[in-house]
Amino acid sequence: MLINLICHLSTVICNFQTILMKKNLELLAPAGNYEKLKAAFYFGADACYVAGHEFSLRKHADNFSFDELGEAVKFAHSLNKKIYVALNIFAHNSDFEQLKDYVKHLAKIKVDAVIVSDIGVFDFVRSYAPSLDIHISTQSNVTNYHSANFYASLGAKRIILSRELSLEEIKEIRQNLKHDVELEAFVHGAMCIAYSGRCLLSNFMANRPANKGDCAMSCRWEYSLVEATRRNDGYDISEDNRGTYILNSKDLNTLHLIDELIKAGISSFKIEGRMKTVYYVANIVNAYRRAIDGQDITTLQEELFKSSHRKYTTGFYLQSQDTKNTENFFSNIQTSTHAFVAQVIETKKDGVLIEQRNAFKIGDTLEVLSPNKTFNKKIIVTELFDEKNNSVEHAKLVQQKLFLKTDLLLSAGDILRKKTI
């Protein structure tokens, strides 16, 4: 009897500790432009990571100008949320002259932190913008507590851990980290096939250096493997008639591991995807926000299939170095079960003003993506009008403003989607 009571109390205490840790947990979203930034915050992100036009590893994202970075910080701070700016290239000598004015500007507009890979950039930021907090990028490949303590001793505020760690290894790092430093980890999105993203394949194959932000994603290409003197004798691996995807990784999905990640010591949950669509950002942030806040994981897992994704994996969290669990040998194609068809701009009497994104028509059933109570509610399209009050049967003009009649109390920023599969 006493043993059962002790076990029960232990479980209660453990659950209470998890609840307290969830309150301090940060949901960190990608924002490749201002539209995605606003969507991320609307759907529940606590912070966003962004970049300017230089010095980050997503050169082909829209990114932010000097002025836009200032506006983004003001907007985030008005919501009591945070902005982190990526400075995560491996810098060459020629990068530093321009970098000086840039980091001074980031300090002036009061960004909440910069994300750094290069130890030279780290030292440069401390010299020219000492007020900036520094987060150590996953590119720095921190896989042990000795490295973590080293960066912490230099003044790092947070360490973004390598993706190649198990939950047990993360727990060991947290327990042996002597400094008051936060740990961040990727919880969802595309994974790089190279160790901590440190890859030269794109550079060799397409003359586009990944570590300067110009990755061509050569690992996603279709390959066949043959021995040089046996051109007609292919290596026996799984493949389709176009080749194989031996370097292609699955996408990370840890929605059901939230409590385990928290217990391991992670305080910031990072979603990958600065190059992804605004719908992707909204949908994934919404699912993780709701899961963190205690909603049913089973239902929310279905949400993760409604925006573009490859086959999912838990990465290395449950079994360190299990590459068979992370590689996608059969296809590099992303799929989704739903399409983003419109975004709510303004609520009006008897309906909403929307902006069209993909085709839909009278008679279609639309589903609501919202951080509010209308989440996953259905709308059957019965009446649709353009801005001149002309009836519209088939909405097929991208970004056309339309009035949609509905009894649902929608809000500006809500998204309407349609099932496609």
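**The second largest pocket and its surroundings**

Modeller: Helix H2 supplies four residues to the lining of the second largest pocket, the largest share. Helices (H or I, at least four residues) and strands (E, at least two) are DSSP runs, numbered from the N terminus. The model is a predicted one, in which local features need pLDDT of at least 70 and side-chain atom pairs count only at pLDDT 80 or more, while totals for chains, interfaces and linings use all residues. Residues are numbered from 1 along each chain as its sequence is written, and side-chain values use heavy atoms, with hydrogens and water left out.

A pocket, on a 1 Å grid over the protein atoms alone, is an open set of points where a 1.4 Å probe fits, with protein on both sides within 12 Å along at least five of seven lines; its lining residues have an atom within 4 Å of a point. Grid points are joined across faces, edges and corners, and a volume is the space filled by probe spheres set on the points. The second largest pocket holds about 250 Å³ of space. Its lining comprises 13 residues, of which Lys38, Gln343, Val344, Ala412 and Gly413 are the closest to the centre. Two or more lining residues come from each of helix H2 (34-42) and E13.

Strand E13 (residues 338-348) and strand E14 (residues 351-356) run antiparallel and are joined by six bridges; two strands pair if DSSP finds at least two bridges between them. Val344, one of the residues closest to the pocket centre, has Ile354 of E14 as its bridge partner. The loop between E13 and E14 contains Asp350. Asp350 is not a glycine, yet its phi is positive, about 70°. With 48% relative accessibility, Asp350 counts as partly exposed, a class lying between buried (under 20% relative accessible area) and exposed (over 50%), with a 1.4 Å probe and protein chains only.

E13 and E14 belong to an open sheet of seven strands with antiparallel pairing, in the order E17-E16-E21-E13-E14-E20-E18. At its edges are strand E17 (378-380) and strand E18 (384-386), each of which pairs on one side only. From one strand to the next the twist averages 35°, where axes are lines fitted to C-alpha atoms and angles run from 0 to 180 degrees between N-to-C directions.

Parallel pairing is found elsewhere in the chain. Strand E2 (residues 47-50) runs parallel to E3 through four bridges, and Ala47 has Lys82 in E3 as its bridge partner. Strand E3 (residues 82-87) is mostly covered, with five of its six residues buried. Four bridges also join E3 to E4 in parallel, with Val85 partnered by Val114 of E4.

Among contacts (heavy atoms within 4.5 Å) with a separation of 6 or more, 70% join residues 24 or more positions apart.
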